[in-house]
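The following paragraphs give a guided reading of one protein model. Please keep the sequence and the coordinates in view while reading.

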Amino acid sequence: MLFDTRPKVAVHVAQTGEQYPCASNESLLRGMLRLGRKGIPAGCVNGGCGVCKVRILDGEIQALGPISRAHVTLEEERQGYTLACRVAPQTAVHLEVAGKLNKPFSKGRAEPATERPIPQQQSS
């Protein structure tokens, strides 16, 4: 799509403060990835890995496909949990990432290396 004219709603990620516009017919995760934003960890992007599990704190969503019970139990779903790759926002959405932000498939920040002096070779 050269110029995306679809109407958008705001999506806000609680832990990072990141906010981005997302079309009501695209997944929360694809909307974020389309803009090159960070906040929701991304893995397979189609519901198979569960890395993008989020809890909807406020707003209305619509399912784009089935959500594996291996990743979101029925009880969790009742509490607002879902996979960001399998739902689209219908109104402005405020969400939090479930679990840690540094899941195996996400691109986290590298820890700084401990500083050690580099051995100098003596010239002869």
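V11 stands opposite Y20 in β2. K8 likewise has a counterpart in β2, namely A23. The model is a predicted one, in which local features need pLDDT of at least 70 and side-chain atom pairs count only at pLDDT 80 or more, while totals for chains, interfaces and linings use all residues. Residues are numbered from 1 along each chain as its sequence is written, and side-chain values use heavy atoms, with hydrogens and water left out.

These two positions belong to the pairing of β1 with β2, which is antiparallel and extends over five bridges. Strands are DSSP runs of E with at least two residues, helices are runs of H or I with at least four, and both are numbered from the N terminus; two strands count as paired if DSSP finds at least two bridges between them. β1 and β2 form a hairpin with five residues between them, and in its turn G17 has a positive phi of about 80°.

Five strands make up an open sheet of mixed pairing, in the order β2-β1-β7-β3-β5. β2 and β5 each have a single partner strand and stand at the edges, so one side of each is left without a neighbour in the sheet. From one strand to the next, the twist averages 40°, where axes are lines fitted to C-alpha atoms, for helices over the stretch in contact, and angles run from 0 to 180 degrees between N-to-C directions.

Attention now turns to the interior. In soluble globular proteins, nonpolar side chains tend to be buried together. Leaving aside residues up to four places away in sequence, I40 touches V13, Y20, L28, L29, M32, C52, V54, A84, L95 and V97, a contact being heavy atoms within 4.5 Å.

Which charged groups meet? A search of the whole structure finds five salt bridges, each defined as a side-chain nitrogen of Lys or Arg within 4 Å of a carboxyl oxygen of Asp or Glu. R6, E26 and R34 are linked in a network of such bridges. E26 meets R6 at 3.4 Å, N to O; because E26 lies in the loop between β2 and α1 and R6 in the segment before β1, the pair ties together parts that are 20 residues apart in sequence. E26 also meets R34, at 2.7 Å, N to O. Relative accessible area, taken with a 1.4 Å probe on protein chains only, is under 20% for buried residues, over 50% for exposed ones, and in between for partly exposed ones. E26 is buried at 7%, whereas R6 at 22% and R34 at 36% are partly exposed.

Another salt bridge joins E75 and R78, with the closest N and O atoms 3.3 Å apart. Both residues lie in helix α2 (residues 74-78), three residues apart, about one turn of the helix.

R86 presents a contrasting case, in the loop between β5 and β6 (87-89). R86 is buried yet has no salt bridge, and E77, the nearest side chain of opposite charge, is 11 Å away; Lys and Arg count as positive and Asp and Glu as negative, with His and the chain ends not counted. Beyond four places in sequence, the residues that R86 touches include S27, N46, Q62 and P66.
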